[in-house]
Amino acid sequence: MEPRTETRTESHGGISPQIRMANEIAVQFHHQPPEEAAAAIAAHIRAFWEPRMRAELLRRAEAEPQALDPLALAAARLLRG
């Protein structure tokens with residue numbers, strides 16, 4: 001039997017943990033106006049994510065924006081700016 005070489009990201013259907021979590025957070029804010037929702041998501045990420053996680057989210061948002069919920073992508077842009 002060959003050893004498994006699957007990475008953590010691949011085990012979640014190819015979605016990084018940061019994208020998955022940002023998308024899950026975004027779902028909680030879909031009832032708010034988009035600008036308010038993006039600001040609230042960005043504030044949550046600033047408050048609760050460690051810097052490496054935020055940096056990885058920003059890197060992934062740049063490389064694969066289509067993987068993010070539109071609100072999560074807007075939040076990532078606020079975090080970058």
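**Figure 1. Ala61 in helix α3 of the predicted model.** Ala61 is found in helix α3 of a predicted model. With a relative accessible area of 9%, Ala61 is buried, because the cut-off for burial is under 20%. Leaving aside neighbours within four places in sequence, Ala61 is in contact with Leu68, Leu73 and Ala76. Ala61 and Ala76 are 15 residues apart along the chain. Their C-alpha atoms are separated by 6.8 Å.

**Figure 2. The crossing of α3 and α4.** Ala61 also belongs to the contact of α3 with α4, as shown here. The axes of these two helices come within 10 Å. They cross at roughly 120°. α3 and α4 are therefore oblique to each other. The crossing in which α3 passes α4 is left-handed. From α3, the contact is made by Leu57, Leu58, Arg59, Ala61 and Glu62. From α4 come Leu73, Ala76, Leu79 and Arg80. Six residues of this contact are nonpolar, none is polar and three are charged.

**Figure 3. The crossing of α2 and α4.** Helix α4 also meets α2. The axes of α2 and α4 come within 8 Å and cross at roughly 60°. That angle makes α2 oblique to α4. α2 passes α4 in a right-handed crossing. On the α2 side, the contact is made by Pro34, Ala37, Ala38, Ala39, Ile41, Ala42, Ile45 and Arg46. On the α4 side are Leu71, Ala72, Ala74, Ala75, Leu78 and Leu79. The contact of α2 with α4 divides into 13 nonpolar residues, no polar and one charged.

**Figure 4. The crossing of α1 and α3.** The axes of α1 and α3 come within 9 Å. Their crossing angle is roughly 90°. The two helices are therefore roughly perpendicular to each other. Gln18, Ile19, Met21 and Ala22 of α1 make the contact with Met53, Glu56, Leu57 and Arg60 of α3. This contact of α1 with α3 comprises five nonpolar residues, one polar and two charged.

**Figure 5. The buried residues of helix α1.** Helix α1 spans residues 17–27. Within α1, Pro17, Gln18, Ile19, Ala22, Asn23, Ile25 and Ala26 are buried. An α-helix has 3.6 residues a turn, so residues three or four places apart point the same way. The buried residues of α1 pack against α2 (34–48), α3 (51–63) and α4 (70–80).

**Figure 6. Ile19 and its partners.** Ile19 lies in helix α1. At 1% relative accessibility, Ile19 counts as buried, because the limit is under 20%. Not counting residues up to four places away in sequence, Ile19 touches Arg60, Glu64, Ala67 and Leu68. Ile19 and Asp69 are 50 residues apart in sequence. C-alpha to C-alpha, Ile19 and Asp69 are 8.7 Å apart in space.

**Figure 7. The largest nonpolar core.** This core holds 20 residues. Ile41, Ile45, Leu57 and Leu68 touch the most other members. Each of α1, α2, α3 and α4 supplies at least two residues of the core. The most come from α4, which gives six residues. In soluble globular proteins, nonpolar side chains tend to be buried together.

**Figure 8. Leu57 and its surroundings.** Leu57 is among the core residues that touch the most other members. Residues up to four places away in sequence are not counted here. Beyond them, Leu57 touches Gln18, Ala22, Ile45, Trp49, Leu68 and Leu79.

**Figure 9. The four helices together.** The chain has four helices and zero strands. Along the sequence, the pattern is α-α-α-α. Of the 81 residues in the chain, 35% are buried.

Terms used:
Residues are numbered from 1 along each chain as its sequence is written. This is a predicted model: local features need pLDDT of at least 70, side-chain atom pairs count only at pLDDT 80 or more; totals for chains, interfaces and linings use all residues. Side-chain values use heavy atoms; hydrogens and water are left out. Buried means under 20% relative accessible area, exposed over 50%, partly exposed in between (1.4 Å probe, protein chains only). Contact means heavy atoms within 4.5 Å. A nonpolar core is a set of buried Ala, Val, Leu, Ile, Met, Phe, Trp, Tyr and Cys residues joined through side-chain atoms within 4.5 Å. Axes are lines fitted to C-alpha atoms, for helices over the stretch in contact, and angles run from 0 to 180 degrees between N-to-C directions. Angles under 35 degrees count as roughly parallel, over 145 as roughly antiparallel, 65 to 115 as roughly perpendicular and the rest as oblique. A crossing is left-handed if the near helix is turned anticlockwise from the far one by less than a right angle, and right-handed if clockwise. Ala, Val, Leu, Ile, Met, Phe, Trp, Tyr, Cys and Pro count as nonpolar, Asp, Glu, Lys and Arg as charged, and the others, Gly among them, as polar.
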